[in-house]
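Let's walk through this one together, one question at a time. Have the model open beside you as you read.

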Amino acid sequence: MEKLMIAGGRPLRGTVQISGAKNSAIALIPAAILSESAVTLDNLPELSDVAIYTEILEELGATVDWNHDRMVIDPSRLISRPMPNGNVKKLRASYYLMGALLGRFREATIGMPGGCNFEPRPIDQHIKGFEALGASVTNENGALHIKAKELHGAKIYLDVVSVGATINIMLAASRAKGVTTIENAAKEPEIIDVATLLNSMGAKIKGAGTETIRIEGVDALYGCRHSIIPDRIQAGTYMIAAAATRGDVIVDNVIPKHLEAITAKLQEMGVHIYEMDESIRVVGQTDYESVDVKALVYPGFATDLQSPMSSLLTQTKGVSILTDYVYSNRFKHIPELHRMGARIKVEGRSAIIEGGPLTAAKVKATDLRAGAALVIAGLIVPDGITEITGVEYIDRGYDHLVTNLSNLGAEVWRQHE
Ligand SMILES: CC(=O)N[C@H]1[C@@H](OP(=O)(O)OP(=O)(O)OC[C@H]2O[C@@H](n3ccc(=O)[nH]c3=O)[C@H](O)[C@@H]2O)O[C@H](CO)[C@@H](O)[C@@H]1O
Ligand SMILES: C=C(OP(=O)(O)O)C(=O)O
């Protein structure tokens, strides 16, 4: 096991390249198994979740050739083997195997997903979608057995706006007979990315990125080549880190439109931001205004940036209120920030954050974005060394973190525990 060591207090300066989006990659990889022939994915992030998915596909009989940011997946010899345990328990997005295998083989047995469990994360809307398409879903010792004689199109209204359920239903419905509509669908850019890949494979999906998605099922899908969109959460994290360290950073290889909510909030605080075609320059200032932040579904402020943002909000002159309307209790980073001297109270689904200094401490990342929050806090601390354990969570979502931060002038390294 390794820990992350940070000697903070240095403004970040320079340019950071953003890799492909984790939340796209781990949906596009299972989407590829719907194809009869090889799919090539470019701009792939080098993350532990991607490595685990690669192993899962190989266990199912696919051939996977992964070389840095490119992966070629040949699923022609794939079978729908039951996967009640093992790698599927290590990541959240293993639930996409349910929709993908159901679409291709009409049957899947997959253990309940793992990943970051900062609070209960039900998948009832995924199940509702599969059942509407004609599948029976039974729970067998903690694994879901999903089976259909035939998948047929259906009209599905999601009770909650869910990224995972929207994508999972798209995967299965793209091989159903007839037309499926998803109402109250999630609108995240990653959903458009998955629809783009599926359409390149021969699917007929319209409306991705709006609240109504129409999927006309097809008999077969075929190989293609697809480049993954940039990771807006990774980009937002570096933007926050630049502001928090009063630095001057160009965040490159991004789609600025995907970053509008974080850009607007940073500007409201007093951070100077310059948008270019594919990059954003963030220039930190000495003093920041306190602001209120509401984490919402896209295009609102992303819940995945809520934890990193809470570290930045300790640097304002007043009191900020940060409320998460997506997850009611995503605050596992707060007790760790308390160890670093932060003055934060959690009330219901809000964190009330009073500006003040942070000090170095030994802290533990208990999930991916809690880890990102602690990294930002460690970069802010003016003296001493912050030690962060639980690095394996951070590796789920930030590739080349130490190299990227070091190139920006941070003093950060990994050390064996
Ligand atoms: C792999 C991936 O893409 N993960 C992202 C995805 O997770 P994920 O797709 O799992 O999150 P959802 O969008 O499904 O969850 C949104 C809300 O709906 C609830 N819900 C969801 C499904 C369901 O069947 N029933 C239900 O009640 C959840 O508990 C949560 O409160 O979107 C989240 C919200 O933007 C992000 O934090 C995650 O980074
Ligand atoms: C919660 C996250 O990921 P996952 O849904 O894969 O656990 C995240 O990316 O912040």
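Q: By class, which residues make up the shell around ligand 2?

A: This is a predicted model, where local features need pLDDT of at least 70, side-chain atom pairs count only at pLDDT 80 or more, and totals for chains, interfaces and linings use all residues. Residues are numbered from 1 along each chain as its sequence is written, while chains are lettered from A and ligands numbered from 1 in the order in which they are written. Around ligand 2 (C-beta atom, placed from the backbone, within 6 Å of it) are residues including Arg92, Cys116 and Asp304. The shell has three nonpolar, three polar and three charged residues.

Q: Where does ligand 2 lie relative to the domains?

A: An automatic or database assignment gives domain 1 (2-19 + 230-416) and domain 2 (22-227). Both give residues to the shell, so ligand 2 lies between domain 1 and domain 2.

Q: How many residues does each domain bring to the contact?

A: The domain centres, taken over C-alpha atoms, are separated by 30 Å. Counting residues whose C-beta atoms, placed from the backbone, lie within 7 Å, the contact takes 20 residues from domain 1 and 14 residues from domain 2.

Q: Which strands stand at the edges of the open sheet of four strands?

A: Strands here are DSSP runs of E, at least two residues, numbered from the N terminus, and two pair if DSSP finds at least two bridges between them. The order is β4-β5-β3-β13, with mixed pairing. Each edge strand has a single partner, so one side is left without a neighbour in the sheet: these are β4 (63-67) and β13 (225-227).

Note on methods. Two residues are in contact if their C-beta atoms, placed from the backbone, lie within 7 Å. Ala, Val, Leu, Ile, Met, Phe, Trp, Tyr, Cys and Pro count as nonpolar, Asp, Glu, Lys and Arg as charged, and the others, Gly among them, as polar.
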